[in-house]
Amino acid sequence: MTVGASAQPGSGPSAPAGGAARTWHRFHYAVGVFVIAYGVAALASAAALWGDRLDEMEGYFGSGPASGILVLAKAVEVLLVVTAVAGVLMRRDLLLVPPVAGWMAGFAMFAVLDVFTGRWGGLVEHLAYLAAFVVLLFLSYGLSAKAQLAKTPKGPAPDGSPRGPSGLTWTQEFALQAINRAAALTGPRTRPDKRD
């Protein structure tokens, strides 16, 4: 997700040609690999357990449209995986958004269907996956802000700009602060010196 779209790509001495990797952080590789692995695993399990997946769809939609909906859902998943692969290969954080948002939308839809069909175990599972992908999207956004901050020339924002002194919007600063706090909680802990 390219943050700071109003900034001129390629402006400044440290910006890459065309601004291609302006908001790519090295941890985006981990996000991308996770999304790709999740998508490939989902497609492989659907191929191996097609009958079970079809029965699940029939529980939601009835026997008529279930097979068509399942084929359509798997075709969309293939597109999401291809998009994630392109995002990692091209180092474009924006291309990681459709796969993450696509699975978020899918889990949200299934959570709503679980409520209507009374499948409470499925509801808990789908809400947990939805929450995980929301965190992943937020993490990717924060990483993009961190990369942008590292490559932005220092200086005050223009008058009337919605950007703060660091050149980030308040949502970018919020995401960056959350990542920094989480890193501080999980980072190496130093033991206080014992004084006699």
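A helix here is a DSSP run of H or I at least four residues long, numbered from the N terminus. With that settled, here are the close-ups of this predicted model.

View 1. Of its 196 residues, 33% are buried. The surface comes to about 11700 Å², with carbon and sulfur atoms supplying 68% of that area. Take the contacts between residues at least 6 apart in sequence: 65% of them join residues at least 24 apart.

View 2. Mean pLDDT for the chain is 80, and 76% of the residues get to 70 or more. Helix α1 (residues 28–48) has the highest mean among the elements, at 95, while α6 has the lowest, at 77. Over residues 2–20, pLDDT stays under 50, and the model has 28 contacts beyond four places in sequence for that stretch. Where pLDDT is low, the predicted coordinates should not be read in detail.

**View 3. L79 sits on helix α3.** Look for L79 within α3, which covers residues 63–90. Is this leucine buried or exposed? L79 counts as exposed because its relative accessible area is 58%, and the cut-off for exposed is over 50%.

**View 4. A132 sits on helix α5.** This alanine belongs to α5. A132 has a relative accessible area of 43%, so it is partly exposed; that class runs between the 20% and 50% cut-offs. The C-alpha atom of A132 is 8.8 Å from that of M104, and the two residues are 28 apart along the chain.

**View 5. Helices α5 and α6 cross.** Here α5 (residues 120–151) packs against α6 (residues 170–186), with an angle of about 100° and axes 8 Å apart. That angle makes α5 roughly perpendicular to α6, because the roughly perpendicular class spans 65 to 115 degrees. The residues of this contact split into eleven nonpolar, five polar and one charged.

**View 6. A closer look at who meets whom between α5 and α6.** On the α5 side, the contact includes F138, L139, Y141, L143 and K146. From α6, the residues taking part include T171, F174, L176, I179 and N180. G142 and Q148 of α5 also belong to this contact, as does Q172 of α6.

Notes. Residues are numbered from 1 along each chain as its sequence is written. This is a predicted model: local features need pLDDT of at least 70, side-chain atom pairs count only at pLDDT 80 or more; totals for chains, interfaces and linings use all residues. Side-chain values use heavy atoms; hydrogens and water are left out. Axes are lines fitted to C-alpha atoms, for helices over the stretch in contact, and angles run from 0 to 180 degrees between N-to-C directions. Helices (H or I, at least four residues) and strands (E, at least two) are DSSP runs, numbered from the N terminus. Angles under 35 degrees count as roughly parallel, over 145 as roughly antiparallel, 65 to 115 as roughly perpendicular and the rest as oblique. Contact means heavy atoms within 4.5 Å. Ala, Val, Leu, Ile, Met, Phe, Trp, Tyr, Cys and Pro count as nonpolar, Asp, Glu, Lys and Arg as charged, and the others, Gly among them, as polar. pLDDT is the predictor's confidence in each residue, from 0 to 100. Buried means under 20% relative accessible area, exposed over 50%, partly exposed in between (1.4 Å probe, protein chains only). Accessible areas come from the Shrake-Rupley method with a 1.4 Å probe; for residues, only the protein chains shown count as cover.
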